[in-house]
Amino acid sequence: MNRRSITIVGASLAGLRAAESLRRHDFDGVITLIGDEPHAPYDRPPLSKQYLAGEWGEDRLALTGPEKLAEYGLELRLGTRATGFDLSRRRLTLDDGEDVDVDGLLIATGARCRRLPGTEDMDGVFVLRGLDDSSALRSALDAGPGRVVVVGGGFIGAEVASTARERGLEVSVIEALPQPLARVLGEEIGAVCAEVHRAHGVDVHTGVGVEAVDGDGRVERVRLRDGRVIEADVVVVGIGVVPNTEWLEGSGLEIDDGVVCDATCLAGPGVTAAGDVARWPNRRFDEVMRVEHWDNAVEQGAHAAHRLLVDDADAEPFTPVPWFWSDQYDRKIQLAGRIRPDDEMRIVTGSLDERRFAALYGRAGRLVGVLGFNRPRHVMRYKALIEQGVSFADALAADV
Amino acid sequence: MKIVVDYDLCESNAICMAIAPDLFEVRDDDFLYVLVEEPGEDRRSALEECVQRCPKQAISIAE
Ligand SMILES: Cc1cc2nc3c(=O)[nH]c(=O)nc-3n(C[C@H](O)[C@H](O)[C@H](O)COP(=O)(O)OP(=O)(O)OC[C@H]3O[C@@H](n4cnc5c(N)ncnc54)[C@H](O)[C@@H]3O)c2cc1C
Ligand code: SF4
């Protein structure tokens, strides 16, 4: 496949790794990287961890240095938003009024935070996705608020709670599910996560939703569905993300909770997608998925880039074992694979009581997942076994 | 080619070990050990992948 140019929309992790990978595959055409944020590509995980804690400055977040950008010869267009795409004419519309003809297109526009209705313009209410969000929240934490209320006990919420707590602030976490992370990790492990919060002095409310966030211009309190009221100076809303696909409406590409791709990450002729915005059938798990993890953005960015360089006949399916980590307090939680609440779960090392363990998940006789609390070595070893497709019985018997 | 790990950044999540078990190992003490400090050129692409995939950007290559 001979291409003159490749345009990448979304100048973050997936987009940048895609660009780098094109050069590593000796693609010598023009690469244009278009991103709506004013910042050069930066890393998001520290935004809820070291950067929010005040331990790291902005300079530590860069995903790449100016020398590398120059070496790769990328045409970087920051502060520019794509507002439309027409697949039949292969034309991209930008918010600066310019239209761009594209040859290969890689979509990596990621996702943005869901908000609580009615809080969009309220002072003291934050979401956390970008550098500007984290900087604003960090200043609010610097001011020493009386109480930080985190709505949503998912990974981002838990990390914010952990960071705020480590800064000596009073923290409440409100989770609508019976346990935090219950949908991902199941209730038993979710209960362990709740215990980790409580052990660090966080006030945790589970199984109850938020009725309203009150305040006159500035947040004052959070009212829960069961009538409880929590005074709040800062509220952080961590209730999930939605993929950034609005700009593709009417483009001719299929959109359904993400950009719909085939098994090889192809969304249309000469168009691929990667990272938090991409939905594709992962044949290894026989499941159509959209993965919101750092490692996936890196791997899928590279895969989707390479896909634009090969002919259809040579295209390979993208079949990763998804993996992510989350740092909460002194726990490093890692999950590899795809797990469901009804999978068989067995602890293979450590125990839930110590909150240091590795748990394996089996389905239909196969190893499908491994979860570790402070067990990185085990997670990576078992991840390799998932890649090899071993049976659950063999995994349980394996010497790891 | 020499492997340089910034241990202040490394958080022992063992991604590098998953990619190149011959070069990196996270042991039961949860510390990362570099098994071969100066690997041969044939390991360059694996090592480059480690550099890219390390979520902490803790690995670099000294020529
Ligand atoms: C606070 C935080 C902590 C995290 N911690 C972890 C962690 O510990 N472990 C883990 O595995 N994952 C973590 N993640 C998830 C990880 O960072 C994401 O999976 C990753 O950033 C996805 O990369 P991406 O490039 O697909 O999308 P994004 O990083 O969302 O980037 C998309 C980019 O496209 C831009 N864009 C959107 N629309 C347009 C448009 N129309 N035109 C131009 N540009 C556009 C966006 O502004 C953005 O810059 C964390 C995420 C956050 C926010
Ligand atoms: S991938 Fe990076 S952070 Fe993880 S163990 Fe290796 S060097 Fe350390």
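1. A polar contact is a pair of N or O atoms within 3.5 Å. Keep that cut-off in mind as you look at this predicted model. An oxygen atom of ligand 1 sits 2.8 Å from an N or O atom in the side chain of Asp276(A), so the pair falls within the 3.5 Å limit.

2. Leu13(A) has a backbone N or O atom 3.3 Å from an oxygen atom of the ligand. For Trp294(A), the distance from a backbone N or O atom to a ligand oxygen atom is 3.1 Å. How much of the accessible area of ligand 1 does the protein cover? On its own the ligand has 1000 Å² of accessible area, and the protein covers 95% of that.

3. Now look at who stands around the ligand. There are 35 residues around ligand 1, and those that come nearest are Asp36(A), Glu37(A), Arg44(A), Lys49(A) and Arg129(A). Sorted by class, the shell holds 16 nonpolar, 10 polar and nine charged residues.

4. Seen by domain, at least three shell residues come from domain 1 (5-112 + 241-314) of chain A, and at least three from domain 2 (115-237).

5. The size of an interface is often given as the accessible area lost when the parts come together. Between domain 1 and domain 2 of chain A, about 1400 Å² is buried, with carbon and sulfur atoms giving 55% of it. Which three residues of domain 1 supply more of its buried area than any other three? They are Ser48(A), Tyr51(A) and Leu52(A), with 40% of the area that domain 1 buries against domain 2.

6. Chain A also meets chain B: 25 residues of chain A are in contact with 20 residues of chain B. The area buried between the two chains is about 1900 Å², and carbon and sulfur atoms give 47% of it. On the chain B side, Gln52(B), Arg53(B) and Gln57(B) lose the most area to chain A, together 31% of what that side buries.

7. Leaving out residues up to four places away in sequence, Asp101(A) touches Arg90(A) and Arg91(A). The side chains of Asp101(A) and Arg91(A) are joined by a polar contact of 3.1 Å. Thr7(A) is 94 residues from Asp101(A) along the chain, yet their C-alpha atoms are separated by 9.1 Å.

Terms used
Residues are numbered from 1 along each chain as its sequence is written. Chains are lettered from A and ligands numbered from 1 in the order in which they are written. This is a predicted model: local features need pLDDT of at least 70, side-chain atom pairs count only at pLDDT 80 or more; totals for chains, interfaces and linings use all residues. Side-chain values use heavy atoms; hydrogens and water are left out. A residue is near a molecule or strand if one of its heavy atoms lies within 4 Å of it. A polar contact is a pair of N or O atoms within 3.5 Å; within protein, one must be able to donate a hydrogen and the other to accept it, and residues adjacent in sequence count only if both atoms are side-chain atoms. Accessible areas come from the Shrake-Rupley method with a 1.4 Å probe; for residues, only the protein chains shown count as cover. Ala, Val, Leu, Ile, Met, Phe, Trp, Tyr, Cys and Pro count as nonpolar, Asp, Glu, Lys and Arg as charged, and the others, Gly among them, as polar. Domain bounds come from an automatic or database domain assignment. Contact means heavy atoms within 4.5 Å. Buried area is the accessible area (1.4 Å probe) that two parts lose on being put together, summed over both.
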